[in-house]
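Student: Could we go through some of the labels used for this structure and ask what each one rests on?

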Amino acid sequence: MWLGAGAVTDPRALARFGPLLDVPLVAGPVEAGSRRTRVGRTVVHGLGVGGLDHEDARSVRASAVEDVMAWAAARGLTVCVALRGRTTGDLAAVLDRLRRHADADVLQAVEVDLRAADEQEVLRSMSRVREASPRGQHLLARLSVAGPDLVGRARSAVAGGATAVVLAAQVPLAPGRWWSGPSTAALGLSGLRQLVEAAREQRWPGAPLVIAGGIHSEESARVAVREGAAAVQLGTGLWADPTLLWRVRDAVLEELSAPTATPARAGRAPHTRTTRREP
Amino acid sequence: MTTGQAATPPGAAARARAATVTAVRAAGAHDVVSLRVPDAEPWGRCRPGQFVVVPVGPGAGSVLPEVHWVAGVHGDPVHGTTVELLLPVDRGTEPGEEWRLLGPMGRGFAPPAQPVPVLLVGHEGGAVPLRWLAEQLRDRGCPVHVLLSASDPELHLDLVHLRRYARSVVLALPEDLPAALERLLDDPAVDPAVVYAAAPRPVLREVAVAGLGRQRVVRVAALDLEAPVVCGTGLCGSCDLEVGDGAEGSGGVLRPCLEGPVVPGELLVDGPTR
Ligand code: FES
């Protein structure tokens, strides 16, 4: 179970509604050069049937992520850092700083935003992030389902060191502007099927798939798991109802442990451990 | 840097609570909606300026929740606890509807320690918290004066109710509000020690500047529920307000739905105009 960075801009707010012991808090998106102290001012341009037209969350500086790390450390929670960068050097610089932080052991995962990246960029970025990460660090590559050659980009992500692929099922409306909501569920499922099928045909090595987009109910999460998702990420669905998180988490766990559920996954289940990474 | 702690302590807003619409009564452009809630707690501690979030199931079409000011809480041993909301007539609320509520959320208006004169300033439907606040302050012995602005007289909020509790109610067009505010602040017959405001941000800033400039205590509800609200639960950041040293992203950030909505007027005066 993962949280969408642009949607949950302050995980501390979410913690008021229930325990987050088995859900990594999301921190960021963080980017070198940003001066912002808090992700915010989400801009929603309009609502429509089953979705909304919104801008990407603006990136924060590394110190904002460190605040979340310290908050999580004091409560025995873990953190997934959402990372952006214009260059591979920028990606590495932020990671390098976070790794040296006193609470670095709360970093359960790093999700690299590669929605706008082509195959080559995905490979370069993930390789650089892998180099800058400690051994065993869980790395998620966030890819846009709507972009060209999803299989090629997923292949590059895994070749670069990604341990899971996040399928962002938002519909691009303009640079930095997206359509999100339950109406994107079909897009997510199409991405999932492409990658599951391609793994079966050995067109990419396969990796756990996290579906991000269109998950707005327990049932939609169950369907995603049956189609081969190893985990789901909740985003704008939490704006509608933050308590959805715990209902969806329970539904996913139940579906994953159901004896009849033998989906054709593209990789083994992603690690969802609740304990911290060993130093 | 953020400006403070979440106003709702862990656990206080944690559960979605059941509520049943028991009555709907017309009051101008709004309906006064009474909701029966099963538990007296935490509603007994609810204050004007707190709000509720009505979660929605996005699968059913709507993708954002409803966020409403709490307009009153009443309890008695026979009928239990009733929460009052003021909702737009065109919402079409019907008795018998079953709701899930998150709340009461946020930090409300604290009454003054002494029964001092107070001035309440509001704009159109954003003035909902003041309707209940006027009731509470009058019950504490505070002389209550109200200044309301609206672009159309039809949009003033439940004046019958406000006139029952206030010594004076002054109505103004939005463009006349600053002058009317200054007149009331300087009027010896009003002489408010505390100014409370619930209105869009530009009005709140005017109130803060005018009130603080005259050494009055100013408390404002910095969440504008008349404007579209994305989540109301502190997740999205759409209500963020930059406060402090000004440059984009470098000063403090106040998230009213999480850390307010009621905050000292001083926080609005230092920030850049947005
Ligand atoms: S409305 Fe979403 S954070 Fe305040």
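Tutor: Strands are DSSP runs of E with at least two residues, helices are runs of H or I with at least four, and both are numbered from the N terminus. This is a predicted model, in which local features need pLDDT of at least 70, side-chain atom pairs count only at pLDDT 80 or more, and totals for chains, interfaces and linings use all residues. Residues are numbered from 1 along each chain as its sequence is written, chains are lettered from A and ligands numbered from 1 in the order in which they are written, and side-chain values use heavy atoms, with hydrogens and water left out.

Student: Where does His30(B) lie, and why is His30(B) called buried?

Tutor: His30(B) belongs to strand E2 (residues 30-37) of chain B. Buried means under 20% relative accessible area, exposed over 50%, and partly exposed in between, with a 1.4 Å probe and protein chains only; His30(B) has 11%, and is therefore buried.

Student: Which residues does His30(B) touch, leaving aside those up to four places away in sequence?

Tutor: Taking contact as heavy atoms within 4.5 Å, His30(B) touches Arg25(B), Leu86(B), Leu87(B), Pro88(B), Val89(B), Gly125(B) and Leu157(B).

Student: What makes H4(A) and H5(A) roughly parallel?

Tutor: The axes of helix H4 (residues 119-132) and helix H5 (residues 150-160) of chain A come within 7 Å and cross at roughly 20 degrees. Angles under 35 degrees count as roughly parallel, over 145 as roughly antiparallel, 65 to 115 as roughly perpendicular and the rest as oblique, so H4(A) and H5(A) are roughly parallel to each other.

Student: How much of chain B is buried?

Tutor: Of the 274 residues in chain B, 57% are buried.

Note on methods. Axes fitted to C-alpha atoms, helices over the stretch in contact; angles between N-to-C directions.
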